[in-house]
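Please open the structure in your viewer and keep the selection tool at hand. The stops below are meant to be followed in order.

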Amino acid sequence: MEKDILIIGAGPAGLAAATYATRSGYSVLLLDGMAPGGQLLLIDEIENYPGHAKMSGAQLAEEMEKQAESFGAEIMYDEVSSLEKDGSFFIANLASGDKVKAKSVICATGATHRTLGAEGEEKYTGRGVSYCATCDGPFFRNKDVVVVGGGDTALTDALYLAKITKSVVIVHRRNEFRAQKLLVERALKADNISFELENNVVCINGDGSKVTSVTLKDGKEIKADGVFIFVGVLPNTKFLEGFVSLDKSGAVMTDSAMRTSVEGFFAAGDCRNTLFRQVVTAASDGALAAHSADEYILSLK
Ligand code: NAP
């Protein structure tokens, strides 16, 4: 298959890039491993996307998908195993065995959650240990849960869990939060949220089939039916190792126009070395990447 622009990943960055690129008259293939939306699909409620006071992540994803498709973007479910540059064309080798040829590529593969590395974490994943409050929170209705982390995800999801569960204990390794002040203030005000600061979960205990408690660094044991771990994200860029410059965390290094070390290859959203991983910044990156891809393709003529 041959297209002007191949976009890898259909989260907000990829969908915005697809809308901009197709509106500019380019043929676009958008590849995604699952349903379009990326991490949007894990967000219960978004209240800081301009123009949308309150909506679910899934609703916003659906609107972005429809918008990109309305201008002619084609969405296909497959994964890129490797990429190569052949003259002025890129060749993407897909997991299915297919190949896509494109003049320019925009990588918008996003990021996935990091694990904590606590004893018992792997054993109890899916049996009390979770990395997604929207997906698993409802299983812990009226139960006691622990949230690990002090970033936006930990605080946002602790507030969501507090609406469903009996109690939430936020365990954070420092006494200052990376999360936005507003979220911390809301958590401090919530009746059923308490904090364990300058502490960490070192062991997740259970009865063999489900979580029963956690042991903290200071030796304290807290009863818990569920443990939600939100300790940051890892960029989904493994397949790009050796192809493009990545930073220490694995994020694609870009300039402010989303250009990378490979001419014609751009990166947008959570997979790049960005300061702020938000839906709105991912969408903005996508628009910039599409603009840069446009300039690059014009320069080939
Ligand atoms: P993050 O901002 O990187 O925060 C990770 C948290 O985990 C930090 O508090 C960090 O502690 C802690 N942590 C890391 N390693 C740890 C370890 N080994 N043990 C204990 N704690 C550990 O990640 P995030 O919260 O997933 O957010 C990712 C991005 O998405 C951010 O840019 C965020 O702004 C964005 N986001 C935005 C929203 C929103 O706007 N509503 C919602 C969710 C996410 P330290 O602080 O001590 O480093």
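What follows is a tour of selected residues and strands, one stop at a time.

The model is predicted, so that local features need pLDDT of at least 70 and side-chain atom pairs count only at pLDDT 80 or more, while totals for chains, interfaces and linings use all residues. Residues are numbered from 1 along each chain as its sequence is written, and side-chain values use heavy atoms, with hydrogens and water left out.

**Aromatic rings**

Begin by selecting Phe90, Phe243 and Phe265, which form one aromatic cluster. A pair of aromatic rings is described by the distance of the centres and the angle of the planes. Here rings of Phe, Tyr and Trp (its six-membered ring) pair if their centres lie within 6.5 Å, and planes under 30 degrees apart count as stacked, over 60 as edge-to-face and the rest as tilted. A search of the whole structure finds seven aromatic pairs. One of them joins Phe90 and Phe243, whose centres are 6.4 Å apart with 65° between the planes, an edge-to-face arrangement. This pair links distant parts of the chain, since Phe90 is in strand β5 (residues 89-94) and Phe243 in the loop between β16 (233-235) and β17 (265-267), 153 residues apart. Helices (H or I, at least four residues) and strands (E, at least two) are DSSP runs, numbered from the N terminus.

Now turn to Phe90 and Phe265: their ring centres are 6.4 Å apart and their planes stand at 45°, so this pair is tilted. Because Phe90 lies in strand β5 and Phe265 in strand β17, the pair ties together parts that are 175 residues apart in sequence.

Next select Phe89 and Lys101, where the charged end of Lys101 sits over the ring of Phe89 at 4.4 Å from its centre. A charge sits over a ring if NZ of Lys or CZ of Arg is within 6 Å of the ring centre and within 35 degrees of the ring normal.

**Two open sheets**

Strands of a sheet pair through backbone hydrogen bonds, either parallel or antiparallel, and two strands are taken to pair if DSSP finds at least two bridges between them. Show β8, β15, β9, β10 and β11, and follow them in the order β8-β15-β9-β10-β11, in which the five strands form an open sheet with parallel pairing. The edge strands are β8 (129-130) and β11 (193-197), each pairing on one side only. Strand β8 meets β15 (residues 226-229) in the parallel sense over two bridges, and there you can find Val129 opposite Val227 in β15.

Strand β13 (residues 211-216) and β14 pair in the antiparallel sense over three bridges, and Val214 stands opposite Ile222 in β14.

**Charged side chains in strands**

Select Glu196, which has its place in strand β11 and is buried, with a relative accessible area of 14%. A polar contact of 2.8 Å joins its side chain to that of Lys220; such a contact is a pair of N or O atoms within 3.5 Å, where within protein one must be able to donate a hydrogen and the other to accept it, and residues adjacent in sequence count only if both atoms are side-chain atoms. Then move to Asp144 in strand β9 (residues 144-148), which is buried at 10% relative accessible area and whose side chain is joined to that of Lys223 by a polar contact of 2.9 Å.

Cys271 is in no disulfide, and the nearest cysteine sulfur, that of Cys107, is 3.9 Å away. Cys271 is buried, with a relative accessible area of 0%.

Finish with Asn142, in the loop between α3 (133-136) and β9, and Met258, in the loop between β16 and β17. Phi of Asn142 is near 60°, a positive value in a residue other than glycine, and phi of Met258 is near 70°, again positive in a residue other than glycine. Asn142 is exposed, with a relative accessible area of 57%, whereas Met258 is buried at 2%.

Notes:
Disulfide = S-S within 2.5 Å. Buried < 20%, exposed > 50% of the residue type's maximum accessible area, 1.4 Å probe, protein only.
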